[in-house]
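Subject: Structure handover

Hello,

Here is the structure you are taking over. Please open it next to this email and follow along.

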Amino acid sequence: MKIERPRGTRDFLPDEIRKRRAIETVMRKIAESYGYGEIATPVFEHLELFTTKSGEGIVKEIYAFRDKSGRELALRPELTAPVMRLFVNECSVMPRPLRFYYFANCFRYERPQKGRYREFWQFGVELIGSSSHLADAEVISLAYRILNELGLDFELHIGHVGVLRYLLRHLEEEKAAKIMRLIDKRDTDGLTVYLDEIGAPHELADRVFSLIDLSGGREVLGDASKIVKFDTTYMEKLCDVLDSLEINYTINLGTVRGLDYYTGVVFEAYAKHGLGAEKQICGGGSYRLAHLFGGEDIQSTGFALGFDRIAEICDLTTPEKPLVAVASIGFEKEACKLADSLRRHGICAVTDVMERSLKRQLSFANDVNARFAVIVGKREIESGKYTLKDMETGESMQLEFEELLDYFRSSGLCP
RNA sequence: GCCUGGAUAGGGUAGAGGUUAUCCUCUGGGACUGUGGAUCCCAGGAGCCGGGUUCGAAUCCCGGUCCAGGCCCCA
């Protein structure tokens, strides 16, 4: 009986993993260059952690289960809540701000489609403890640098949920939240219908629509403040920093979040091509969550990158390490020993474990793209010189062990 | 939860209610017991699962599973 992979999961072969590692390495390198330290949290948490953050409704989109003692647990569907829990549990007296990053698999029980899986990876950062525009600027620039370094063609949209919240402040909370969700989805028809349904004044509807239509450089802040009277100072200061860092962005006040704990700046990045309906590759913003998990009411800013979507459109990878195949003719033990010595010098070496003919061993070396083959047989043992065969040119030569190493050094196989 | 299209060896495919399911690739071995890539030979390996129609189903019908894509959702 053949057992298939569970729905929405993937297997990764070495080529794919090398690519993913290369991308991951860039992300780590940049996050660390900003002074962020890596953290890890459990793959499963108490279900309550996620329902507290996002509401009971998410249970149907989560891998939730009871353990043998009846505890309600869930595979993590994202990392922001676990990181905040970790902060409240372990870090509440550490010097502020805290700078953390993570790279982790997450699980959601959803219908798979392009760029969307039931097990997927997120790379993200959280900057905990600051409510300054400088924190937003840092996190946005960190995301921007990563996407840039990966050579992606993307658009960065920045908004501020406070503007719409302020405009809708006289509506009941529930209605305002629904409006935010419709705007988040960019469902203008639905929004028109809903505003009509709840009997919102035309004047309010007009202002909502003109506000979410605003999109462009920082000058739209001025236009926005004519529609809704709000203080643009915070956003102006943020733009000042981003401009000085030469970050390209679009101010889009229709970039919002449906959830209450987003308090200020929100941002998203979209891939310009290569992905279908699921083209958002980054989402972030500033939020207040710690107090929901029993900590102090503190502001944080963070983002998460959709690692799998990025891997799909990014062509970065690292080349395979050159390989030496040690072939033997009746001297398998000596071949193992030689391979072992080569490995100690940083060379990747493989030996024959199929007990095949020399011909087949070389054929295999060719199949796995070995750069060189070294032959160990009666002649080599008697003369103390190994036969080195260059698999590209086909030439071979006789070398002692030290000469062999020198040759590999000069060919760049080892330091 | 909804819609569309799919599923034949590890990968890619052909055919089609009726003898032993086609071809390419692949894997193992050999021709060739001290030198890879070529060629030839031999071997291996398949109709998603369950039910129905039928003398007979991989083929037709129903249900399920899974895949691709689109909705819903997207923390």
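A helix here is a DSSP run of H or I with at least four residues, numbered from the N terminus. Keep that in mind for the names below. Please also note that this is a predicted model.

**Starting with K19**

K19 sits in helix α1, which spans residues 14-33. Is K19 buried or exposed? Its relative accessibility is 19%. Buried means under 20%, so K19 counts as buried. Now look for D315. K19 and D315 are 296 residues apart along the chain. Their C-alpha atoms are separated by 8.0 Å. Which residues does K19 contact, once neighbours within four places in sequence are set aside? They are A311, C314, D315, L316 and T317.

**Two helix pairs**

Next, find helix α6 (residues 173-185) and helix α7 (residues 188-197). They pack at an angle of about 160 degrees. Their axes are 9 Å apart. Angles over 145 degrees count as roughly antiparallel, so α6 is roughly antiparallel to α7. The crossing of α6 and α7 is left-handed. On the α6 side, the contact uses K175, K178, I179, L182 and I183. On the α7 side, it uses G190, L191, Y194 and L195. By class, the residues of this contact are 6 nonpolar, 1 polar and 2 charged.

Now move on to α7 and helix α8 (residues 202-213). Their axes come within 11 Å and cross at roughly 160 degrees. That makes α7 roughly antiparallel to α8. What is the handedness of the crossing of α7 and α8? It is right-handed. Here T188, L191, T192 and L195 in α7 meet A205, V208, F209 and I212 in α8. The contact of α7 with α8 has 6 nonpolar, 2 polar and no charged residues.

Compare the two lists. L191 and L195 of α7 meet α6. L191 and L195 also meet α8.

**The nonpolar cores**

In soluble globular proteins, nonpolar side chains tend to be buried together. In this model, the largest nonpolar core has 105 residues. Which of them touch the most other members? They are I158, L211, F303 and I310. Helix α4 (residues 133-149) gives the most to this core, with 9 residues.

Select F303 and look around it. Leave aside its neighbours within four places in sequence. F303 is then in contact with Y102, F123, G124, V125, V139, L142, A143, I146, F267, C282, G283 and G284. Another core lies apart from the largest one. This other core has 19 residues, among them V326, L399, L413 and C414.

Q122 lies in strand β6 (residues 119-128). With a relative accessible area of 12%, Q122 is buried. Beyond its neighbours within four places in sequence, Q122 contacts E78, L79, Y102, F103, A104, C106, R108, A304, L305 and F307. You have seen Y102 already: F303 is in contact with Y102 as well.

A290 is in the loop between β11 (280-288) and β12 (299-306). How accessible is A290? Its relative accessibility is 0%, so A290 counts as buried. A290 and V83 are 207 residues apart in sequence. In space they are 9.5 Å apart, C-alpha to C-alpha. Not counting residues up to four places away in sequence, A290 touches M84, F87, V88, G295, E296 and I298.

**Backbone details to check**

Most residues other than glycine have a negative phi, and most peptide bonds are trans.

- A cis peptide bond joins R96 and P97, with omega at about -5 degrees. P97 lies in the loop between α3 (80-90) and β5 (98-107).
- E246 has a positive phi, near 55 degrees. E246 is in the loop between α10 (233-244) and β9 (250-252). At 66% relative accessibility, E246 counts as exposed.
- N369 has a positive phi, near 65 degrees. N369 is in the loop between α13 (358-367) and β15 (372-376). At 59% relative accessibility, N369 counts as exposed.

That is the tour.

Best wishes

Notes: Residues are numbered from 1 along each chain as its sequence is written. Chains are lettered from A and ligands numbered from 1 in the order in which they are written. This is a predicted model: local features need pLDDT of at least 70, side-chain atom pairs count only at pLDDT 80 or more; totals for chains, interfaces and linings use all residues. Side-chain values use heavy atoms; hydrogens and water are left out. Axes are lines fitted to C-alpha atoms, for helices over the stretch in contact, and angles run from 0 to 180 degrees between N-to-C directions. Angles under 35 degrees count as roughly parallel, over 145 as roughly antiparallel, 65 to 115 as roughly perpendicular and the rest as oblique. A crossing is left-handed if the near helix is turned anticlockwise from the far one by less than a right angle, and right-handed if clockwise. Contact means heavy atoms within 4.5 Å. Ala, Val, Leu, Ile, Met, Phe, Trp, Tyr, Cys and Pro count as nonpolar, Asp, Glu, Lys and Arg as charged, and the others, Gly among them, as polar. A nonpolar core is a set of buried Ala, Val, Leu, Ile, Met, Phe, Trp, Tyr and Cys residues joined through side-chain atoms within 4.5 Å. Buried means under 20% relative accessible area, exposed over 50%, partly exposed in between (1.4 Å probe, protein chains only).
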